[in-house]
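Biologist: Please walk me through this one, feature by feature.

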Protein chains: 2
Amino acid sequence: MRDRQDRPGVAARRPLLELVLPVLRDAIINRTLPPGERLSEGDICARLGISRTPLREALRILEIEGLVTMAAGVGAMVTPISPPDLHDRFELLAGLEAIAAARVAGRRDPATIRQILAIQRDMESASRQGSQEDYYRANDRFHQTIVEAAGNEVVLNAHRTAMWHVYRIRHATNAATPLKPDAARHHEHIIAAVIAGDVDGAFVAMRRHLEDVSDLILGRLAAGWFDAIDRDAPPP
Amino acid sequence: MRDRQDRPGVAARRPLLELVLPVLRDAIINRTLPPGERLSEGDICARLGISRTPLREALRILEIEGLVTMAAGVGAMVTPISPPDLHDRFELLAGLEAIAAARVAGRRDPATIRQILAIQRDMESASRQGSQEDYYRANDRFHQTIVEAAGNEVVLNAHRTAMWHVYRIRHATNAATPLKPDAARHHEHIIAAVIAGDVDGAFVAMRRHLEDVSDLILGRLAAGWFDAIDRDAPPP
DNA sequence: CTCCACAATATCGTATACGAAATAAAGGGC
DNA sequence: GCCCTTTATTTCGTATACGATATTGTGGAG
């Protein structure tokens, strides 16, 4: 056997599933396909120009990820926003990031620590300047960096999936959220534990931090009940 | 093309996917379909009496679960045993059960605590009598009970999936594993923290316990490298 | 004897077709 | 006028067909 799929010029034949899945997923996350939206297979096939076979595989995967809900014989819909479900997903997230933090603390890799410290400085800088956008971006990087640095592919995948659900309600969380000094203090604890190689300390600190974040976001979601009536007729 | 579901008495209108998926999954877990086995769609369809459409959906799901590996244009195979991958899954498991333990500790539900204490007594009893079988069964119940008592559907699902991978190498772990008194002591720490409502304590104790279990099982797997050569030709 | 090229075969990816069930709609009974 | 029943239409679940690609087997050259 010679060149398998690395033939020059000709792009390796990619299954339509891999092309369609990100498109649908992104549409659900950015609410182009809003929560509760009914997903007619025929419609989407026509829209995307594919047949039902690869589409159904994509829907099955999205169902496992929790972004789509399928009822046998009835069809698929974008999973509605559910605060209890989100609470569970935040709890999972806490476990995942805590494990990652523990692993990072166990390693004490200098490059990783430098990276985290730099992000921390960015957050402080953004906080001083009151730049919400930069602050949230750096915050995201903080968590993402730790999970990636843990080097656990399985945890990373689970984390990515959980985050999709967070992204879907982000519009209700970032908008007008005051910069909480708590987050910065929590991050300091986590960083201190990581630098000290305190595995349990990092593990616990990360869980507590995520618990706080969860309470904050879910509280905000409940206060605004943004999504609960998304598909209902708005009052005059 | 054969008799579909027109026979009375058989489950009336369930999607074939839901029927086929557990069959394949069980076969993979109990090694009827051994690691590395190539999964020809035609063969399995003929064997199960279904067409390729529902089978492919099942294979996609199994791929997400990590039990099947699919290469585009090549086909599917039972995911080979990989100690590094198992290590990652154990780490995930530690995060999941730690979160569950923390939640259970936060609740301090009397019924749950009674249940856990009863299981603990069973384990001690089995240990004294040297009944390995009973010991492992009670140990399983200990962990399962905590995860279920946490009441987090998302964590429970992730835990179930992770455990499938553990079950698949169980033959290499339970066989001739001496009863470790460490496990009992660890369990005591976890239980004490749960009863005391010590959320962080339960969280940390469970992670440490799982880390130990992981080391034990992976060490045993490495020592025997049971699966690494499963599909290779034995030397003459 | 080994290795490479080429043909034959098997298998995959996708599209399409058809029967069955659920939802929507229309009509009649109360 | 309202509700229940019955019919019609849409949509799903599964099977099958077809083109494309990887794998395997065979023959010949070095």
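Modeller: Begin with naming: helices (H or I, at least four residues) and strands (E, at least two) are DSSP runs, numbered from the N terminus. This is a predicted model, in which local features need pLDDT of at least 70 and side-chain atom pairs count only at pLDDT 80 or more, while totals for chains, interfaces and linings use all residues. Residues are numbered from 1 along each chain as its sequence is written, chains are lettered from A and ligands numbered from 1 in the order written, and side-chain values use heavy atoms, without hydrogens and water.

Biologist: Which element gives the largest share of the surface near DNA strand C?

Modeller: "Near" means that a heavy atom of the residue lies within 4 Å. H3(A) leads there, with 3 residues. H3 of chain A and H3 of chain B are the elements that give two or more residues to the surface near DNA strand C.

Biologist: How many residues lie around DNA strand C, and which come nearest?

Modeller: There are 20 around DNA strand C, and A:Leu16, A:Ser51, A:Thr53, B:Arg52 and B:Arg56 come nearest. Of the atoms of DNA strand C within 4 Å of the protein, 66% belong to sugar and phosphate.

Biologist: How do those residues divide by class?

Modeller: Ala, Val, Leu, Ile, Met, Phe, Trp, Tyr, Cys and Pro count as nonpolar; Asp, Glu, Lys and Arg as charged; the others, Gly among them, as polar. The surface near DNA strand C has 8 nonpolar, 6 polar and 6 charged residues.

Biologist: How far is the side chain of B:Arg56 from a phosphate oxygen of DNA strand C?

Modeller: Polar contacts pair N or O atoms within 3.5 Å. For B:Arg56, a side-chain N or O atom sits 2.4 Å from a phosphate oxygen of DNA strand C. Backbone atoms take part as well. A backbone N or O atom of B:Gly73 lies 3.2 Å from a phosphate oxygen of DNA strand C, and for a polar backbone atom of B:Glu41 the distance is 3.4 Å.

Biologist: Now the other strand. Which residues are closest to DNA strand D?

Modeller: DNA strand D is surrounded by 22 residues, the closest being A:Arg52, A:Arg56, B:Leu16, B:Ser51 and B:Thr53. Sugar and phosphate make up 69% of the atoms of DNA strand D that come within 4 Å of the protein.

Modeller: Three of these residues have listed distances to a phosphate oxygen of DNA strand D: 2.5 Å from a polar side-chain atom of A:Arg56, 2.2 Å from a backbone N or O atom of B:Leu16, and 2.7 Å from a polar side-chain atom of B:Ser51. H3(B) gives the most to the surface near DNA strand D, with 3 residues. By class, that surface has 9 nonpolar, 6 polar and 7 charged residues.

Biologist: At what angle do the axes of H1(B) and H7(B) cross?

Modeller: Axes are lines fitted to C-alpha atoms, for helices over the stretch in contact; angles run from 0 to 180 degrees between N-to-C directions. Under 35 degrees is roughly parallel, over 145 roughly antiparallel, 65 to 115 roughly perpendicular, and the rest oblique. H1 (residues 16-29) and H7 (residues 153-168) of chain B have axes that come within 8 Å and cross at roughly 40°. H1(B) and H7(B) are therefore oblique.

Biologist: Which residues meet there?

Modeller: From H1(B), B:Arg25, B:Ile28 and B:Ile29 meet B:Trp164, B:Tyr167 and B:Arg168 of H7(B) (contact: heavy atoms within 4.5 Å). The contact has 4 nonpolar, no polar and 2 charged residues.

Biologist: How many helices and strands are in chain A?

Modeller: Chain A has 9 helices and 3 strands.

Technical notes. Polar contact = N/O pair within 3.5 Å; in protein donor to acceptor, adjacent residues only side chain to side chain.
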